[in-house]
Amino acid sequence: MQQVTQVIRDRLTQYVEAGCQRVVDSGNPVYSHLPREILHAAVRRVFNAVVDDLENGGQPSAVPLLMGRIGAQRLQEGARISDILGGMAHGFDVISEDLEVWFRDDPAVFAKWTRALSRLSYAGAAALADTYMAARESVVRAQAEEIFRLSAPLLPLYPGILVLPLVGTLDDERATQVTMTMLSAIVAHASKVVL
């Protein structure tokens, strides 16, 4: 793999430029609208992570770590996993196409690259998806809590009297939440009646 990593390091600038151009040309909604210098930095980070992992015997470490961070960041920007992975695939295609030509007389080296790339891509995609889904779950949970808070407000009507308007279905989980909220409000307002 040392031969492959050396070629990638030597040609990194060309790969970054070609990868960025391919992503922009694809119309990828996440990356095609980024300022060029930010896109270049992002692609360079991914390519450097690939080289780091190749130099580490092809064991996925830097790529999944980076893709996990990207997943959380891109979720906040409204990106989809498929757009992120599509951008990654365009960049990897640029390297693979060049390495295929570069090592056309040594197919064993190119085969090692494709196996290593497959492992790194899978590990990166899995880390991206895990982080992305965890971040999305956090957002959904926060939204659910806010909806609950807004759908069952406890309002002081008169001293000692609270009003609890209920909107929507009252299932077991929501009933428990309403009860806990109501008991806290009764103590906080020293109420004797809840309507």
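## A loop and its neighbours

Ala190 sits in the loop between α7 and β3. Helices here are DSSP runs of H or I with at least four residues, strands are runs of E with at least two, and both are numbered from the N terminus. This is a predicted model, where local features need pLDDT of at least 70, side-chain atom pairs count only at pLDDT 80 or more, and totals for chains, interfaces and linings use all residues. Residues are numbered from 1 along each chain as its sequence is written, and side-chain values use heavy atoms, with hydrogens and water left out.

Ala190 is not a glycine, yet its phi is positive, at about 50 degrees.

## A loop and its neighbours

Ala190 sits in the loop between α7 and β3. Helices here are DSSP runs of H or I with at least four residues, strands are runs of E with at least two, and both are numbered from the N terminus. This is a predicted model, where local features need pLDDT of at least 70, side-chain atom pairs count only at pLDDT 80 or more, and totals for chains, interfaces and linings use all residues. Residues are numbered from 1 along each chain as its sequence is written, and side-chain values use heavy atoms, with hydrogens and water left out.

Ala190 is not a glycine, yet its phi is positive, at about 50 degrees. The cut-offs are simple: buried is under 20% relative accessible area, exposed is over 50%, and partly exposed is in between, with a 1.4 Å probe and protein chains only.

Ser191 lies in the loop between α7 (172-189) and β3 (193-194). Ser191 is buried, at 11% relative accessible area. Beyond its neighbours within four places in sequence, Ser191 is in contact (heavy atoms within 4.5 Å) with Gly160, Ile161, Leu162 and Ile186.

Val193 belongs to strand β3. Val193 is partly exposed, with a relative accessible area of 35%. Leaving out residues up to four places away in sequence, Val193 touches Gly160, Ile161 and Leu162. Val193 and Val16 are 177 residues apart in sequence, and 68 Å separate their C-alpha atoms in space.

Arg174 is part of helix α7. Arg174 is buried because its relative accessible area is 10%. From Arg174 to Ile81 the separation is 93 residues in sequence and 32 Å in space, C-alpha to C-alpha.

Thr169 is in the loop between β2 (161-163) and α7. Thr169 is exposed, at 66% relative accessibility. Thr169 and Gln76 are 93 residues apart in sequence, with 30 Å in space from C-alpha to C-alpha.

## The nonpolar cores

A nonpolar core is a set of buried Ala, Val, Leu, Ile, Met, Phe, Trp, Tyr and Cys residues joined through side-chain atoms within 4.5 Å. How many residues are in the largest one? The largest nonpolar core has 37 residues, and Ile8, Leu99 and Trp113 have the most contacts inside it. Two or more residues come from each of α1 (2-10), α2 (12-26), α3 (36-55), α4 (62-76), α5 (81-102) and α6 (107-151). Helix α3 gives the largest share of this core, eight residues. In soluble globular proteins, nonpolar side chains tend to be buried together.

Take Leu99. Apart from neighbours within four places in sequence, Leu99 is in contact with Val4, Val7, Ile8, Tyr15, Phe110 and Trp113. A second, separate core has six residues, including Phe148, Leu162, Leu164 and Val178.

## A buried histidine

His40 is in helix α3. His40 is buried, with a relative accessible area of 19%. Not counting residues up to four places away in sequence, His40 touches Val16, Glu17 and Cys20.

The side chains of His40 and Glu17 are joined by a polar contact of 3.1 Å. A polar contact is a pair of N or O atoms within 3.5 Å; within protein, one must be able to donate a hydrogen and the other to accept it, and residues adjacent in sequence count only if both atoms are side-chain atoms.

## The cavity

A search of the whole structure finds one cavity of 30 Å³ or more. On a 1 Å grid over the protein atoms alone, a cavity is a set of points where a 1.4 Å probe fits but cannot get out, and lining residues have an atom within 4 Å of a point. The largest cavity holds about 190 Å³ of space. Grid points are joined across faces, edges and corners, and the volume is the space filled by probe spheres set on the points.

Which residues lie nearest the centre of the largest cavity? They are Tyr31, Val43, Val46, Gly87 and Met88, from a lining of 17 residues. Helices α2, α3, α4 and α5 each give two or more residues to this lining. The lining has 13 nonpolar residues, three polar and one charged. Ala, Val, Leu, Ile, Met, Phe, Trp, Tyr, Cys and Pro count as nonpolar, Asp, Glu, Lys and Arg as charged, and the others, Gly among them, as polar.

How values were computed
On a 1 Å grid over the protein atoms alone, a cavity is a set of points where a 1.4 Å probe fits but cannot get out, and a pocket is an open set with protein on both sides within 12 Å along at least five of seven lines; lining residues have an atom within 4 Å of a point.
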